[in-house]
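Colleague: Could you take me through this model with a few questions, going slowly enough that each answer can be followed step by step?

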Amino acid sequence: MSNRRSRQSSIDPRISDDQIIDLVTKLRQILPEIGHRRRSDKVSASKVLQETCNYIRNLNREVDNLSERLSQLLESIDEDSPEAAVIRSLLM
């Protein structure tokens, strides 16, 4: 029991301030709306997190739309064609 307890106490589930700053900096770099701004344009961490959520929602919508379009395309072509096989592989 004490061995288990000592392992649990050595693992700290909290994220340090430096780790949070590092993660927010990485998000700033990959977000299209924020990553292309000048360095002098400071953006708060909360704004970065909001933009990240919006970006992920938009990506999910795009995936859904593309999947729907591929499904419609698949319905309109011969089921045994090579094109159909490619579309099926994209949908999986």
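Colleague: Does Glu51 count as buried or exposed?
Modeller: In this predicted model, Glu51 has its place in helix α4, and apart from residues up to four places away in sequence it touches Leu31, Glu33 and Ile34. Its relative accessibility is 17%, and since the cut-off for this class is under 20%, Glu51 counts as buried.

Colleague: How does Leu49 count by its relative accessibility?
Modeller: Leu49 also has its place in helix α4, and among the residues that make the contact between α2 and α4 we find Leu49 on the α4 side and Arg28 on the α2 side. Along the sequence Leu49 and Arg28 are 21 residues apart, while from C-alpha to C-alpha they are 9.2 Å apart in space. The relative accessibility of Leu49 is 45%, a value between the cut-offs of 20% and 50%, so Leu49 counts as partly exposed.

Colleague: How many residues of the contact of α2 with α4 are nonpolar?
Modeller: The crossing of α2 and α4 is left-handed, and the contact is made by Val24, Leu27 and Arg28 from α2 together with Ala45, Val48, Leu49 and Thr52 from α4. Sorted by class, these residues include 1 charged and 1 polar, and the number that are nonpolar is 5.

Colleague: Which word describes how α4 lies to α5?
Modeller: The axes of α4 and helix α5, the latter spanning residues 82–91, come within 10 Å and cross at roughly 155°. The crossing of α4 and α5 is left-handed. Because angles over 145 degrees fall in one class, α4 is described as roughly antiparallel to α5.

Colleague: How many residues in the contact of α4 with α5 are nonpolar?
Modeller: On the α4 side the contact is made by Ser67, Leu70, Ser71, Leu73 and Leu74, and on the α5 side by Ala84, Ile87, Arg88, Leu90 and Leu91. By class, this contact has 1 charged and 2 polar residues, and its nonpolar residues number 7.

Colleague: What share of the residues of the protein chain count as buried?
Modeller: The protein chain has 5 helices and 0 strands. Among its contacts between residues at least 6 apart in sequence, 11% join residues at least 24 apart. Of the 92 residues of the protein chain, the share that count as buried is 11%.

Colleague: In which helix of the protein chain is confidence lowest?
Modeller: The mean pLDDT of the protein chain is 82, and 82% of its residues reach 70 or more. Where pLDDT is low, the predicted coordinates should not be read in detail. Confidence is highest in α2, with a mean of 92, and lowest, with a mean of 50, in helix α1.

Terms used
Residues are numbered from 1 along each chain as its sequence is written. This is a predicted model: local features need pLDDT of at least 70, side-chain atom pairs count only at pLDDT 80 or more; totals for chains, interfaces and linings use all residues. Side-chain values use heavy atoms; hydrogens and water are left out. A crossing is left-handed if the near helix is turned anticlockwise from the far one by less than a right angle, and right-handed if clockwise. Helices (H or I, at least four residues) and strands (E, at least two) are DSSP runs, numbered from the N terminus. Contact means heavy atoms within 4.5 Å. Ala, Val, Leu, Ile, Met, Phe, Trp, Tyr, Cys and Pro count as nonpolar, Asp, Glu, Lys and Arg as charged, and the others, Gly among them, as polar. pLDDT is the predictor's confidence in each residue, from 0 to 100. Buried means under 20% relative accessible area, exposed over 50%, partly exposed in between (1.4 Å probe, protein chains only). Axes are lines fitted to C-alpha atoms, for helices over the stretch in contact, and angles run from 0 to 180 degrees between N-to-C directions. Angles under 35 degrees count as roughly parallel, over 145 as roughly antiparallel, 65 to 115 as roughly perpendicular and the rest as oblique.
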